[in-house]
Amino acid sequence: MASLNVSLSFFIATCALCEAARRVSKALLPGGAYASFAREAVGTAQLAACCLEMRVLVELGPWAGGFGPDLLLTLLFLLFLVHGVTFDGASANPTVALQEFLMAEASLPGTLLKVAAQMLGAQAACALTQRCWAWELSELHLLQSLMAMHCSSTLRTSVLQGALVEGACTFFFHLSLLHLQHSLQVYRVPALALLVTVLAYTAGPYTSAFFNPALAASVTFHCSGNTLLEYAHVYCLGPVAGMLLAILLHQGHLPRLFQRNLFYRQKNKYRTPRGKLSPGPVATKTSTKGNSGKGL
């Protein structure tokens, strides 16, 4: 129970520090620099740090702390509720940034800046979290600090199947994100948190269900068991393919690249009336004059 309290304190401290960083950067930086860089870097750092600590609970908690799956899934759901409320509009995910670009909602420089900020935030969170583990505040942190130098791959299946799993998770996530983008936050945030929890429970045993290239790069790309190219196929190409399929299914086309709808026909705004048109007043008047002339 003491280990769980330490992990809960870690989550609270991480979210509080990131929220303070958001408010300070929002007050000091211009709006564009905050939205494109600082907000994304801080949001991704918060997500990555909590993901790393959550991974400790998932991998070591059941046998070292006696934590059941019900506790871990509830905690995961609550964490993504907090992320959804505190992110202040940050995506903290390169595939979401790419989706905004393909939907013609963001420019190319802004998208590249967001992705760079996300990668930087994830790497910074990884370094700071490992420093926190080195303090050995709990038994789980002690075990994790001993195992950190010899981490194992999160890919527990073949590369092809792993790419399909990550692509499927990303597809369902982005499709839900597109459908809920205009919904109220009070409905959107719990729905996405529940979806992430279900996907993590379903796909976690195979790939850990990252469906986030920045998150996967900071957590597992440096671990032994697979090559960098294999990791890129699973955790980068798979999510990008799933995101593209979600946009095509939702929109029928990629607005940034082409306007022709591939799946859905565009309905005309004005419907053409069926049947024979009734003669207008001008035609009726002309016809009456013609008949009168014939009579004369």
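What share of the 296 residues in the protein is buried? Buried residues make up 44% of them. The model is predicted. The protein has 11 helices and 0 strands. Read along the sequence, its pattern is α-α-α-α-α-α-α-α-α-α-α.

- Helix 1 covers residues 2-28, and V24 is found in it.
- E19 and R23 join their side chains in a salt bridge, with 3.2 Å from N to O.
- E19 is partly exposed, at 23% relative accessibility.
- R23 has a relative accessible area of 60%, which means that R23 is exposed, as the cut-off is over 50%.
- A network of salt bridges links E19, R22 and R23.
- V24 belongs to a nonpolar surface patch together with L28 and L29.
- The accessible area of V24, L28 and L29 together is about 300 Å².
- V24 itself is partly exposed, with a relative accessible area of 48%.

- Helix 2 spans residues 31-64, and helix 6 spans residues 139-147.
- The axes of helix 2 and helix 6 come within 10 Å.
- At what angle do the axes of helix 2 and helix 6 cross? They cross at roughly 110°.
- Helix 2 and helix 6 are therefore roughly perpendicular to each other, because angles of 65 to 115 degrees count as such.
- The crossing of helix 2 and helix 6 is right-handed.
- V58 lies in helix 2, and V58 is partly exposed at 45% relative accessibility.
- V58 and L73 are 15 residues apart in sequence. Their C-alpha atoms are 9.4 Å apart in space.
- L52 and S218 are 166 residues apart along the chain, yet 9.2 Å separates their C-alpha atoms.
- S218 lies in helix 9, which covers residues 213-219.
- Is S218 buried or exposed? S218 counts as buried because its relative accessibility is 1%, and the cut-off for buried is under 20%.

**Salt bridges between separate elements**

- The count of salt bridges comes to 6.
- One of them joins the side chains of R156 and E59, at 3.7 Å from N to O.
- This pair links distant parts of the chain, with R156 and E59 lying 97 residues apart. R156 is in the loop between helix 6 and helix 7 (159-179), while E59 is in helix 2.
- R156 is partly exposed, at 43% relative accessibility.
- E59 is also partly exposed, with a relative accessible area of 29%.
- Another salt bridge is formed by K114 and E100, whose closest N and O atoms are 3.0 Å apart.
- Which parts does the pair of K114 and E100 tie together? K114 lies in helix 5 (residues 108-133) and E100 in helix 4 (residues 94-102), so the bridge ties together parts that are 14 residues apart in sequence.
- Both partners, K114 and E100, are buried.

- E136 has a positive phi, near 55°, and E136 is a residue other than glycine.
- E136 is found in the loop between helix 5 and helix 6.
- At 42% relative accessibility, E136 counts as partly exposed.
- S208 is not a glycine either, but its phi is positive, at about 70°.
- Where is S208 placed? S208 sits in the loop between helix 8 (185-207) and helix 9.
- S208 counts as partly exposed, because its relative accessibility is 23% and buried means under 20%.

Methods. Residues numbered from 1 in each chain as written. Predicted model: local features only at pLDDT ≥ 70, side-chain atom pairs only at ≥ 80, totals over all residues. Heavy atoms only, no water. Patch = residues over 30% accessible without salt bridge, like charges linked within 9 Å, V, L, I, M, F, W, Y side chains within 5 Å. Areas by Shrake-Rupley, 256 points an atom, 1.4 Å probe, with all protein chains shown as cover. Salt bridge = Lys/Arg side-chain N within 4 Å of Asp/Glu carboxyl O. Helix = DSSP H or I, 4+ residues; strand = E, 2+ residues; numbered from the N terminus. Buried < 20%, exposed > 50% of the residue type's maximum accessible area, 1.4 Å probe, protein only. Axes fitted to C-alpha atoms, helices over the stretch in contact; angles between N-to-C directions. Parallel < 35°, antiparallel > 145°, perpendicular 65-115°, else oblique. Left-handed = near helix turned anticlockwise from the far one by under 90°.
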